[in-house]
Structure formats: C-alpha cells, structure tokens
Amino acid sequence: MREFFRTLMHRLAALFQRHRMEDDLDEELRSHLEMAVEANVSKGMSVEDARREALRSFGGVEQTKELYRDQRGLPMIETTVQDLRFGLRMFRRDPGFSILAMLCLTLGIGANAAVFSWVEGILFRPYPAVSHQERLLALTGTARGEAGHTGLSWPDFVDLQRSCTLFDSFFVSQITGTTLSIGDRAERTTGSIVSDNYFDAIGVRPILGRGFEPGEDIGRNAHPVTVISYQLWKGHFNGDPQIIGKTQRLNGVLHTIVGVAPQGFYGTFVGWGMQFWVPVSMEEVFGAGGYKLEDRGARWIEAYARLKPGVTIEQAQNEISSVAKRLETDYPATNRGRNVKLWALWQTPFNNAGTLLPTLEIMLAVVVFVLLIACANVGNLLLVRSFARRHEMTVRLAIGAGRGRIVKQLFSEALILSAFGAVGGLLVAHWCRHALVLLFPARGGVSMHLPGEIDWRVLLLSAGVCLLATLLLGLVPAMQTNKIDLAGALKADSAGVVGSRGRGWVRSSLVVVQVSLSFVLLVGAGLLMQSLQKIRGSSPGFSTREVMFTAVDLVSAGYDAQRAQNFQDQLLDRVKALPGVESAVFARMTPLSYGSFSSTPISVDGYEVPPEERSTVEYNEVGPNYLATMGIPLVSGREFTRADDERAAPVAIVNATMAAQFWRGRNPIGERVQVKGRWMQVVGLAKDSKYRSVRETAKPFFYVPGRQNFTVGAALFIRTPLRPETVAVALAREVHALDASLSPYELITLQEQVDRSTSPQLVAVTLVGVLGALALLLAVIGLYGVMAYAVSQSTRELGLRMALGAGAANLVQLVLSRGLALMAGGVLLGAVVSVTLTRLLGKLLYHVSPRDPRAFGAAFAVMTIATLVACLIPAWRATRTDPAEALRD
Amino acid sequence: MPSSKSEVLQGTLDLLVLKTLDSLGPMHGFGIALRIQQVSKDLLQLNQGTLYPALLRLQQRGWIASKWGVSENNRKAKYYSLTRAGHKQLDEEVESWGRMSTMINRVLRTS
C-alpha cells in the first residue's frame, strides 16, 4: 500500500516536470549507448558495427522511451490533456460552430442553474443566516373537511410549545408593517411580530445589543422593545453606534431599540425583507383586530418549529396531532375539528413559498426540456461536423488509433463545450438571481425580496447537468465512429437524396425530439395563458372596474379610536363631495390581500353545530353602503346605515353560503347570530363573493358595521368612473387638509388588486412562455440545420429532377413536405407526451382542462408556422440548383 | 530451432536488478545490463532498453535511488543504488523465490 502511494506521488510529480525528466532520459540512454559502443569497439569491432550491435541489443530506443513515459507519468491524464488541447484547437478553427454550440448550451444549462438557484434561495434555504434550515418546519392550523390552512392562535401555540418533546424550539414570526419616515418621505416598512425565543431559536445573534429576553412576549402591550435590521440601522439611523437604548415610534407607540440584527439577515418571510422585530406582547399595536393573545379562536400566527436531530417529520406530526386532539377536547368551542400540520420548509403554505412552489415545480420540468432541446441542437451540429471530420477520423484509425481513443477524443470535445456552457450558464444564473422580483409589482413602493442562492449545492447540480449534457452530446458522434469503414473513406461522398432515410436518420430523429419537446412547452404555455385569462376574467363577486381603494395609516400616526373615527367621518364627507365620486366607504380588510379577516366562533338560534363541523366564520367590519360601493349584490334586507352605530342594536349582514349552512335556506333576515358573546340581528343577505383568493370555493362570511366594531386601521373604497391617478391627487389634497402630516397609500383599482393577487399565475405564464419561445427558437434552428444540410447534400438529385423537368414549385414542395413530415412526427410525439404531462400543471390551472383542445391547436399552428419559416431558405436554395453543374460533379 | 535463450520472466527482472545492485554496489544502467548478461552466461535474452522502465518502477517504489555521477571512462552516467527499503525487499524476494522454486521442483519431480 505504501508503495502504491509512493508510486502515485512520483507519477503525479512527474506530470509537472515533464521537460526536465525527458532531458534526463535522453541523456541517460545516450550515455548507455555510447558505453555499449565503446565496449564493442574494445572487443575489436569497427565503429559502425559497434554502434549497430549496441542499438540491436538495446532493442528500440523510441519504444523504450514510450514504455518509460507510460511508467513515469499518468497516461490517462496526459492523454486527456492532449485531447482537451486538441479539442480547443479544433473549436478555435471553427469559431462559428463553437460559439453557436456554446450559446445553446449556455442557455440550456443557464436556465437550469437559474431555476436551481431560485429553488434553493426561495424554497430550501430561504432564510440567509438562519442555522439548520433543514430541520426547520412551518406550522399551520387545518380544519377538518376544508382545504387550505389557517394560522395558529397564541394560546394554542403556547400549549404546543409546552407539550411537545420532539422539538428543539417553536417560534412565531408573523409579518406586520408600519410607516416610517425615511428622510422627508414616509415609507411602508415590513417587520415581524415574534416570540421571545426568536433570535435564539434561529441562531442569529444581534451585532449590537441583544435579542428578546424570556418573558418579553407576555403581558398586554407590556414590552415596547424592538430589534432593527442592519439596513434600517444603516439607512434610517445612519449606523449610529449609540443606537441601543434610543427610542423609535412604531405605530404610535414608543419602542426602545434593544438590538441590531446582523447584515445579510432578512428575517423569516419568503418575499419580503424584514426591517424590525417586536415581541408578541405588542401584537395589539401592530395587528388590527384588537387584543388576541388570550383568544383561542383568533388564528393569526404564522409559526415555525425546529426538530431535534434525528426526529422524522412523521414522528413530529404524530406528537403535534395528539396535542391538537387534546386541545380539541379541552376547548371544543374554538378547537373542534381543528388540527395542526407540519410542513417541510419548501412546502410552507403561507408567505410566497406557498404561492411560488407550484410554479417552481413546473419550472424544474421545463428547464430539463430546454436543456434536452439545447443538447439535441448541439448534438446535431456535432454530427454535421463529424461527417466533415470523417476523413480525419479515418486517418487516425488507419495509423493505429484505437476506437476507444477516438471516442474519448469525442467526449473530450463534448466536455469542452458543456464546460463552457456551464460557466456561461452560471453567469446567466447569477444575472437572473433577482429576476423573479421583476415579475412581481412593487406594493406601496416596496419591492419584494426573492433572491436566488448560488451555493455549493447549486454548483454541484449544475456540474451534474453539465456532465449529463456531455454524455448526451458525446454519445451520438461516438456511435457514428462504428460506421466508419476504412475502405469506404477513400471514396468520394456519395450523393444523398432529399427524402432519403439513409444516414440522416439520427439527425432527423433529434429534430423530431426537439419539435416534440417544444410542442409540449407550447401547449403548457397555452394552457397557463388561458388559465390566467380565466382567472383575471372571472367575476370575483364584486365590481373590479370603477372601484378603487387606498388607506391612510392612522395606526402608525398614533391616532386613538376617537380621533380615528372623527378623521374617517370627515374624510368620507370630503371624498364623497369630490366631483365624479359616486360613493365611498371604509372597511377594515381589503379582499384578496395577504392579511387575515377577523374570525369568530358563532352560534345561531335553533342550529346545533354537528360534531364534525366548526362554527368559526370570517367577517369584515364595513361602513354604510359597503355592498353598493363594492358592487356586491344585496339579495334581500338592507345595507348598514349611519344609524347602525355604537348606540344602536348590533346588526349583521350574512352571505348566501352562510344563510344556506346555518339557516338551511330559510330567509335569515330577522334571525339572531351570536358573535363573541353579543347577539346580532341579521338585517341583510348578500351574494357570495371572493374574500381571500380568486380561486377559493364558496364559504360562509358575514359583515358587521364598522361603527359597532371599530378598528383604527381601515381601507377607503371609492366608486368612481375617474382614473385612479386623477382621484389620487384630489384625495391627497383632502387628507393633507385634515392632517398635514398624513398622506394616503397608493390608490389602486380592484382590478389591479385581482391582478396582483394572481401575479404568481402571471409569473408562471411568463416563465413558461419565455422558455417555450426559447425552445421554439432552438427547435427552428435545428430544423433549419437539418433541412439546409439535406438540400446541400442532394444537389445531384435536385439537379436530376430539374433536368427531367421539375419546376421550382415542385422542388419547394419537396423540401417543405420533408420539413412538415419531420414536424408532424414531432408534434405527434409531443401531443402524446403533453397529454400525460400537462396534468402536472393541475395546481396552476383554473377552470381549464389540461387537455384543452384550443391550447393543443394553438401550439400546432405556431409549430407549423415555425416549420415553414425554417424550411423557407433551404427550399429557396433548392430552386437555385444549377442542373448542369450538379450533374457534372 | 527452439530458442536456447529464455525470455526474462515477468517480475523477475526486478529481482535481478535488485540482486545486481546488491552485489555490485552503485551502478549505471549499462553496467547492470552487462552484469545480468554475464552472470546468466548470455542465456538470458534481455533487451537492454526494457531495463529502464524497470529501474524507474523500482525507484518509484522507493527501493532504489539514483544520482548522476561519472563512469570509469569519465563519462556522465546515472548511478543506481539500493535503499534500505530495497535491501529489505531483496531479502523478501530472494526468500519467496526460493520457496517458489523448491515447490515447483518438487511438483516437477513427483509427477
């Protein structure tokens, strides 16, 4: 063994001192021969005989040297280096081919690397600086018989934390926001409401000050402390080294800054970078909807847990479920039918991991397609070259190169191409790191934070892709070497025929594969496009045109309930008086936004909640004439009026699904419903509309008058035929007139809100569309290449046909029919593949069948046009054949 | 005519080289080749060239070392000498060769 390593070291060392060792060897052998000559001369031979005899008994100087060299270095490596050098030389001689091939591979590998980096940075390791993310899990509530998820309530969370033993830690990280004035302008800033163990649990140490201390998440508004982000510290506080202990007003409450988070830590929310953190005890200041820490029915928390090492997610889920079961028995009013579910980080159903997961899953498949198409293209180019190089290969075989050696040479060349492609691809991925953000509109002037992450795992995967490409590329030309026969090589190229099935079949089948793969992508893009149209075109149950909304952040400005109420009343009067405004109303929650509606267990006279059903229903706090302003039809009864205030009897408006569920279709008007211990009289019945997502199914929902359930945070809805920009100017003026320190947020239409809430679908369409177009382009290049080559190789046949009287039209027809035949094969194959694969789009499709004939038809049409374009130039060339010249050759 | 000279058995060349260096002390390639042919009474057919890859192999394994020197005729030549590991290796190979030839002789005699 020791000898083996010693030998290996010697051989390795020899690789780097070839020249010196070569000189050494020359000298040693020369001295040997001369000694032999001298010895022979001294035996009495003539000098010539002595030399001849010396050489004879030595037995071949060059062979000895060759043997010696094999023993000296590492022949494997040396020949590989030789092959690579030779390959590089070949590519330099043919730069057009090399650049085209490398460009194709750069696109193919780059698309893969970019998507890998997004998957890594958004799904697998979304939280830079957080330790052991592989053991991090997301937690949500689930409700029996209902798809989707809810948050957790604080009391449930505390019980889980206390009762579970298989976890290192549980922590809360709930997104919130405030308005900070940065310089002279106010900016919306995102932050997190967290449990007191947050910074310890994620293993992040503040660079200044401290994290939160045990007990700081207990007590109503008891601990106004905050940890700020590095960016906020640098930007807003100019990197003040004395920052610890200073105060900052957040949502009207003075908070003491106790810590500064390290650079590169953005919190734990996929999509937005967090700028500040406050303990759960301050929840009431940030979350609208009142004090929730003692309310088991208020499910507002997004939570995470870290497993102990070695614990599986199944074991952990069992433990969690048994605790949830106990809570169900102990607190039936709030917890009946409720469970808690664990999710691997990449499956996190909330934040933007949830919205992007289906898109990224599809993208992983799509980029594999793009890679295959790119490889097929380059493979085709290599094949053309291998025909051109047949002479070279034959000569090498004839002078004694082994077939293995030639195959090795071909794979080396493929490796060079894919290595360049990989480097280019990683550059592409690096440039595309932040590309996803561009597809999402900035909200309230703040853009999202969705960085790709190029770490060693991404590099490793990209290297794997590169090797895969090498194999694919090397394979075809390598198989072709079997066909080289030494005798045939001396003969001139035999003439081909345009329609022949001869040796072009490999290239043709590559093109068929390309066409079929890009057909699949086109079908996918078509389906997604239709789905997006359906989503954006479907009625959400409220008017999307002529209704716009905005908000004034009274919470951050420190308004109390009384001042806020006065402000809202006055602003409403002023807005209604604006020319062109038909109506206006305040409501707490905006439909289709990320925040959560209030929810509560309810009871209804004469309705026994079945044991399997939950009675928790979501509701919104709205002002007078909300339904009319929003364009939600009122089926019967009345809207809220100004008279429904805190002094009047509590009332509610229910939606159709709620009426059907709780009153079994009877007219609910005049009935009673108990909400948080208060009985409310139902005065109106509204049609269903969409509340949290355009894609949700109908669910029970009700409205209560804002006046009877007042919250400071509320959105202002305005119905007007005017453009939002026009209204925004007037609105800002009115707000300023009331309080010069305030300005409204961006004013957008409800259509814009629908569009924004469906932007993940737009992202999917855009990405699949872009890559589909890319794939189509590559396929067209491939098709063109095959047709152009076929025409150039069959001039004799074309000439013959012309001489026999074929007109230009016949020749064009000949070429086109060949091209269309290839396409038809590809489309057929692609259609079969599509039918099985488009089901994968399921989660992204909305009211569109994965086998929608229109998508298939459109893809077919696009493919046909592309094929005709690709065949045009070869067909024109065919008509330019000179019969006399072609036949003479 | 059947060849009266034997080809050098695979693997025995190493042993011959080690033994030669053991008895001659430091020696150059030509000297080693000459010595092997003389001692074997020219019964061994040795292409002198094949000696050099063998010398390199022994060197890589650390059994011999080489150094440039000057020959008796004032010629520059590379001298090889046994290392400590080489001595040990020679002892082992001589012993195993002995065992092997005894065994083969016994087999040949009994059948």
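**A walk through two chains**

A:His847 is exposed, with 12 other C-beta atoms within 10 Å. That lands it in the exposed class because the class takes in residues with 12 or fewer such neighbours. Keep in mind as you look around that this is a predicted model.

So where do you find this histidine? Follow chain A to the loop between α27 (808-837) and α28 (853-879), and A:His847 is sitting there. Its backbone has something to notice too: phi of A:His847 is near 60°, a positive value in a residue that isn't glycine.

Now hop back along chain A to A:Lys676, which lies in the loop between β17 (672-675) and β18 (678-686). Here phi is near 50°, again a positive value in a residue other than glycine. The exposed label needs 12 or fewer, and the buried one needs 20 or more.

Next, let's see where the two chains meet. On one side, 18 residues of chain B are in contact, and they touch 23 residues of chain A. Which parts of chain B supply at least two residues each to the side that touches chain A? They are the helices α2 (29-39) and α3 (51-60), along with the strand β5 (76-82). Of these, α3(B) gives the largest share, with five residues. If you sort that side of chain B by class, you get eight polar residues, five nonpolar ones and five charged ones.

Methods
Residues numbered from 1 in each chain as written. Chains lettered and ligands numbered in written order. Predicted model: local features only at pLDDT ≥ 70, side-chain atom pairs only at ≥ 80, totals over all residues. Contact = placed C-beta atoms within 7 Å. Helix = DSSP H or I, 4+ residues; strand = E, 2+ residues; numbered from the N terminus. Nonpolar A, V, L, I, M, F, W, Y, C, P; charged D, E, K, R; others polar.
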